[in-house]
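Here is a quick tour of one protein model. Take a look at the structure first, and then we'll walk through a few of its features.

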Amino acid sequence: MGQWIWIKGGSPSENIVGCFRKSFTAKKGEKTILTISADTRYMAYINGKEIGQGPIRSTVERWFYDRYDITGFLDSHENTLAIRVWDYGMSTYQSIYHEGGLMFDVTQNGHLLATSDETVKSMIDKGIKSLTVKRNVNLGFMEYYDAKKSDFDWIKKDFDDHLWEESVFIKDTWGELKEREVKFLDHQIARPENIYSIKEIRPTVQSVSVNMRENFFPGSKDANAYIFSGFLGFYIECSEAGTGTLNFPNSKWNGIYGDYKIDDELYAVGKGDRKKDIRLKKGKQLFLMNISAKHDDLYSHMEFSFNSPLHFSGFFTIGPTESIKNRTDGFNTIYGGLENFEQMTELKEHHKSIFSDSPVLLNYESEKKVVPPEYLFFDEYILSLVENKKVCLEKPVLSGDNGLLHGNTLPTVLKKSENGNDIEVVIDFGDMFVGNISFSLNASEGTVLDIYGFENLFEDEIDYTFGLNNGIRYLCREGYQQYTTLTRLGFRYLILTLRKMKSDCEFFEIFVHQKSHPVGRNGHFRCNDYLINKIFEISRRTHQLCCEDTFADSPTYEQAFWAGDAQVSATVNAYYFGEKELVRNCIRQIPLSRKYTPLLGALMPTDWETAIPLWTMNWIIMVDEYVFNTGDESVIAELYEPIKTTLLYYSKFIEEDGAFNISAWNMIDWAPMDIYNRGVMTAQQGVLAHCFRILKNMAEKLGKSDVKVYDPIIEKLLLYIDRKLWLEETSEFADGFTHEYGLSKTVGMQTHIMLYKYNLITDSVKKEIVREKLFNRPFHWLDVGSPFMLFYLFEIWHKEGHDQRILNEISDRWGMMLRYDSSTCWEVFPGFYENSRTRSYCHSWSSAPGYVFIRYILGFSPVEQGFKKVELIIPEVDIKWCEGSVPTPLGRIDVWWSKENGQRIFRAKVPSQIEIINEKNSSWKVVIERI
């Protein structure tokens, strides 16, 4: 491949897009290959047509390149390769900060036609506003594009680039590159189905966002949380005295807030009390915010609502007056996680004196640090503007308004408001999608187009995703224009808001480039119960939308590969699609996080130092289940040492009596369990023992001499559960234990589900008691808090023959999601989030129903790894007939069974390499066709 190159002068700040062009001569119709990689992300075009985007999620220790066959994209003789490279300049929850770079080769029949060198023309895309707000801490910067400063036609072949500069070579700090190990994303065009509403609106708030990263932690580029104290101050000028409100729209996960003073008046702000009525006098007054907590992002977002416009000036910070280094090693204190860390326990006297002396601050002038104006953003945080608005006029949607739905020459004409209002159009794509958005319109120069995506609208009420600025801002140039975003946006609905219109706007089209991991729908299910069929469809759709180059928890809110979620994703993936390369790529990612925490990261790739022990254990279980589902044992030798290193490190926290007492984010489910960041979590204690069993089995397969080391550890962990965590009076296990508080005050389904599922209860009498209660939950037991945990409960119910109960539970719980017009499965059930039905309306850990239908209801379950042997158990359920397919590494099993007309007939086509046990059934006529 070529050498690494970049734009002359480098990246002047974070969030830079580099534009690169290289022309070359080729023979049309002959085999031509583009090999390419970039940091952080690229989109590549040949003669103006998109080839693809990448690379897949990488770290400098494991960076990937892509190889495209571009033969079909070439013209005779002269061709142009255009590449957009987005250098994030900051870590996210999907990427780790590294300098921007690009390398590529174009070869035809093995001969080099073009390469990344100094002859490549390049420039910074001046249309991208680099310094802006983020979508959230998880996803990174919002895309803000000014079409007056750049011409998107530069990707086309005939664009004149003679004023562009030549690229420069940069040092190779990426190490050895590997060719991507997963397929390119599938690419489909999806258009909106419906214009839901057209309104004239006005924002009711002034949005103020302040990026304080450079003030408090200059030069930092990581995605880590910061635990510190300090102050943000500025002046508010009001033309007349009055009252209004100040709201902080985000939690401390996505924004800084704290108690504040306006001159001498104190306003106390709490987690659930971020909106306050405030009084302002005429003229200028000092606003001073007391910052003292753990913050995952270093922006403060504020929404001011007053009758008259406010003027803001003189922004400054003081501090940090104190800071704590976050260390996730199992020993040190964890800030956040299960326990909200809303304030430093003991603020220093110096810090207290600053706040008490406000609004004078004469003694602290030397400590003030001015916030540079480029880090101040007014009315740029789109979430605040779309949530807070006054509807001035709603117009009926007429058939003539539907032009933008179709992508032809008939546009939707959006009339300029006679009263200077903004025009808002809500469009419905009819289903969830994730991808880049393309649009074209004819508008006047200076018109602002805000695009905001959301997931659910029910009974005319939009459910905005909390803490997600899921938007794009586009500033129009004069006339006709088109643009394709770099941002992958997840949504079902889009809000299109046109602001500062000087004339009518013709909106020709808007569509999404739906992109997810390409699959064949090898797993299928259909029956006489059409509610079940619909639930199958939304479950499979949910999982597919969460399949990228790794599994992602959600296509909208985070797009992050969480190890714990992925254990469920990998299992259901085996039955929906039978794909193994995506799972294999996932299980190889997690060990790379050891660079940031010896506990292994809860998600990758990122330098956010966060660990959830149960998520690490789920990764180990995922490896074990991958081997069972695929028959691919090669990963055992590859991952044995990383798993062994991890578990032996975890064994450092096993105390003399067997307690697994660790300081970490000890999470198992979204439920109010009485467990702490430091202590014993019963389920976690048990699952650790199960992971040592897996390690022992791996050691046996590899013939390792250390196989005997693991039994005493397993025995010690399980003995502690039996002797210390069992509550004799009530015959149940406590959720946990801490030396400070003793046994937990809660008893939950979660604890008993994990102990029973993984056979971690050593006493047979206690095991039977737990089994009974898992089918008849005691009133005082905490219920399952998420579809994630129900997946494990369903496994237990199925083994005990309660398949109809599973179907009833699915019909009730997932049927409720359909009642709210969802086309995908929710992260949590209603009730967990105070002001929202759920956080994410599309979440992979909730996609288990389709797996249940394929594995439990069709009747075939594997009993030997790689599906070499399956057992036939036809369930006793109320379904009258069903049909479907089970993907296996040896080929698809097709099933049809029916109880209609007084007959019980079971038919199947089964690959001949698969052995079937229990093939004969006295209650059914079983017909097996071998293929």
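Let's begin with a loop: Pro55 sits in the one between β5 (49-54) and β6 (63-69). Strands here are DSSP runs of E with at least two residues, helices are runs of H or I with at least four, and both are numbered from the N terminus. The peptide bond from Gly54 to Pro55 is cis, with omega near -10°. There is another cis bond from Gly319 to Pro320, with omega near 5°, and Pro320 is part of strand β27 (residues 310-324).

Asn109 is worth a look too: it isn't a glycine, yet it has a positive phi of about 50°. You'll find Asn109 in the loop between β8 (101-108) and β9 (111-115). For background, most residues other than glycine have a negative phi, and most peptide bonds are trans.

## How the model is read

This is a predicted model, where local features need pLDDT of at least 70 and side-chain atom pairs count only at pLDDT 80 or more, while totals for chains, interfaces and linings use all residues. Residues are numbered from 1 along each chain as its sequence is written, and side-chain values use heavy atoms, leaving out hydrogens and water.

## Two packed helices

Helix α6 (residues 581-589) packs against helix α8 (residues 634-650) at an angle of about 15°, and their axes are 11 Å apart. That makes α6 roughly parallel to α8 (angles under 35 degrees count as roughly parallel). The α6 and α8 crossing is left-handed, meaning that the near helix is turned anticlockwise from the far one by less than a right angle.

Who touches whom? From α6, Arg584, Ile587 and Arg588 meet Ser634, Val635, Glu638 and Leu639 of α8, with contact meaning heavy atoms within 4.5 Å. By class, the contact of α6 with α8 has 3 nonpolar, 1 polar and 3 charged residues. Ala, Val, Leu, Ile, Met, Phe, Trp, Tyr, Cys and Pro count as nonpolar, Asp, Glu, Lys and Arg as charged, and the others, Gly among them, as polar.

## The second largest pocket

The lining of the second largest pocket has 28 residues, and Asp624, Glu625, Phe628, Lys799 and Arg855 lie nearest its centre. Lining residues have an atom within 4 Å of a point on a 1 Å grid; a pocket is an open set of points where a 1.4 Å probe fits, with protein on both sides within 12 Å along at least five of seven lines.

Which helix gives the largest share of this lining? It is α7, with 7 residues. The lining of the second largest pocket divides into 12 nonpolar, 7 polar and 9 charged residues.

Definitions and conventions. Axes are lines fitted to C-alpha atoms, for helices over the stretch in contact, and angles run from 0 to 180 degrees between N-to-C directions. Angles under 35 degrees count as roughly parallel, over 145 as roughly antiparallel, 65 to 115 as roughly perpendicular and the rest as oblique.
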